Amino acid sequence: MSLPLSQYNLIVKISRPLLSLVIIILAGCTGSGLSAGISSDQIKIIENKGSDTIVNLALAWAEEYQVLNPSVQLSVTGGGSGTGIAALINGTVDIANASRKIKSEEIETALENNSDPYEIVIARDAIAIIVNLANPVDYLTLQQISAIYSGEINNWKEVGGEDRPIVRLSRETNSGTHVYFLDEVVRLGDDENKTLFSQTTLLLPSSEGIGTEIKQNPNAIGYDGLGYVTHEMKVIGVASSPDDPFIFPSAESVNNGEYPIARDLYMYTNGEPEGFIKDYIDWILSAEAQEIVTELGFVPITK
Amino acid sequence: MISKQDIGIKSKPPKREFLVTALIKAAGYSAIIFVGMIFLFLLLESLPALREVELSSLLSSRWYPIEGYYGVLPLIGGSLIITIGATVIALPFGVGTAIYLSEIAPRWLRDTLKPLVEILGGLPSVVLGFLGMLILSPYLRTLLDLPTGLSALAGSILLGGIAIPTVVSISEDALDAVPKSYRDASLAIGATEWQTIWRVTLPAARSGVLTAVMLGIGRAIGETMTVMMVTGNAPILPTGLKDLFSPVRTMTATIAAEMGEVANSSTHYHVLFLIGIILFLISLIVNVTASAVVFRQKKSQERILS
């Protein structure tokens, strides 16, 4: 009884020609697509890489811009702010997305590699503190959040919640959000402060990973860009100090400066942008492109 | 045509054979050369780390490279605890399945099950990672009342699952290669089926089963994507069995998560290569130990038979 084996062989026999057929069809499609469009030497390619926080925004811009300017091809990838800046320095991308300012060490490395990063603020973002929907805690002060992430507070009952251990979630260290959070929240914006994240902080490789864990684990606390928050998570109101009011993140509270954990989002180019890259950046700063910023849950830059 | 070729072969056998021999020889040596070159590359890229970072810092228990903390012990510990956990799971399940397939299951069932087990081995590890993240880790958290299910245990279970097909496939081949006369002799002197399996067949296939387990361990220790998704990646130095239930960070996940970000030739870059070489040495030790044990057993077996 070698029926399953013969069936297996049959599948292989059938699938092989099928597969080659698919490849031929695919090849045909790309071929005809190219010939129907613009000849290849007219196409301008912009490589865009970096922050995972910005990647959805950059993709939305790229899609819209390619419709408006069919001669420009944009390729957008994520990987983290550090990854993007490293790629800009190594000359593999034209525009690096970053959710933090470029570091002085990175500028040094850039100069060594004959690269000259040029900074453009493209939007603003609020970092939301998120917990599970079942968590009764609604408000935290910046000092409490810092104490939680540095490992001083380890149980939710210390901040008015249930008697549960706190599971701290963070993005990986190559994330601009991680670096921003370390400087502005864990260290409370104090340059002298050398507090680190508690060693028990879970470093998750994606916003998706943080969302998944927050949704199902009532012990968890996390942070992420406002654009990634869904209604399956609970956003915490944050106060700069115990005397200040608790503010929820929104476009208004970021633009009027009330929400304390907000930052600028950047694009970096090698030197001041020129030619078709400049056209793209100019368009991004236009009112039309900034509307997409609002749609995706970020805060547009107001002139 | 055929007759011409025949004549051709007959007239110049030495030259043809020389070519084939040389090709096979080159193929054989190339593996050694590749490994040697990879080792050399890792060594050259990682040696500056030993100059740039003090040994006491490397052997500390804090890994936070963006602030210059390069303690690699938590990462080594994380990889080891997950690999040990995976072995504890894969060994009984894998060898058990192999014994069932080879010794107990009827022929048709074995012909169905073995390809299925091998399909399990072909599952992309990122898919297993997804299952781990969405199903296994929430389940472990509620079942064992853990703070979070993203833990060494979740990693061990999934890696065990990844290693099982390797263990089953190779162990089953080894058991199958044991001559039927061994079993017949054992049954003829009145041993039960179980006694025959446990005392005769399995010991006779020992070296193959051991190789299978070692290859399984090798598969587990090098696995990256799954562990990155389910272990939480917190660089905590494991100190005991209880740490199986807390998050850990493995060497592979660290390299995968951080290599894309580092600037070329920075200290962080060199330290990541150092971790790579540690990983390389650990798998080398596992393999050398395995072949040494197998070699010794073969010698003692030969003594008994002669």
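These are my notebook entries on a predicted model, taken up by topic.

**Domains of chain A**

I looked up the domain assignment of chain A. It gives domain 1 as 5-123 + 264-295 and domain 2 as 126-262. I then asked how many residues of domain 1 are in contact with domain 2 in chain A. Twelve residues of domain 1 are in contact with eleven residues of domain 2. On the domain 1 side, I noted H2 and helix H3 (81-89) of chain A as the elements that give two or more residues.

**H2 and H10 of chain A**

Next I took helix H2 (residues 52-68) of chain A against helix H10 (residues 287-295) of chain A. Their axes come within 10 Å and cross at roughly 140°. The crossing of H2(A) past H10(A) is right-handed. Which residues meet there, from H2(A) and from H10(A)? From H2(A) I listed Leu57(A), Ala60(A), Trp61(A) and Glu64(A). They meet Ala289(A), Ile292(A) and Val293(A) in H10(A).

**H5 of chain A**

I checked helix H5 (residues 142-150) of chain A for burial. Leu142(A), Gln144(A), Ile145(A), Ser146(A), Ile148(A) and Tyr149(A) are buried in this helix. I then looked for what covers the buried residues of H5(A). The cover includes strands E4 (117-131), E5 (139-141), E6 (167-171), E8 (220-225) and E10 (237-239) of chain A, and also helix H6 (176-186) of chain A. After H5(A) comes Gly151(A), and I recorded a positive phi for Gly151(A), near 95°.

**The largest nonpolar core**

I turned to the largest nonpolar core, which has 138 residues. Ala96(A), Ile129(A), Ala163(B) and Val167(B) touch the most other members. Helix H7 (residues 152-176) of chain B supplies the largest share of this core, 14 residues. Domain 1 and domain 2 of chain A each give the core at least three residues.

**Ala22 of chain B**

Last, I looked up Ala22(B), which lies in helix H2 (residues 13-52) of chain B. Is Ala22(B) buried or exposed? I counted Ala22(B) as exposed, because it has 10 C-beta neighbours inside 10 Å and the cut-off for exposed is 12 or fewer. I also took the C-alpha separation of Ala22(B) and Pro48(B), which are 26 residues apart along the chain. The two C-alpha atoms are separated by 39 Å.

Notes: Residues numbered from 1 in each chain as written. Chains lettered and ligands numbered in written order. Predicted model: local features only at pLDDT ≥ 70, side-chain atom pairs only at ≥ 80, totals over all residues. Core = buried A, V, L, I, M, F, W, Y, C linked by C-beta atoms within 7 Å. Buried ≥ 20, exposed ≤ 12 C-beta atoms within 10 Å, placed from the backbone. Helix = DSSP H or I, 4+ residues; strand = E, 2+ residues; numbered from the N terminus. Domains from an automatic or database assignment. Contact = placed C-beta atoms within 7 Å. Axes fitted to C-alpha atoms, helices over the stretch in contact; angles between N-to-C directions. Left-handed = near helix turned anticlockwise from the far one by under 90°.
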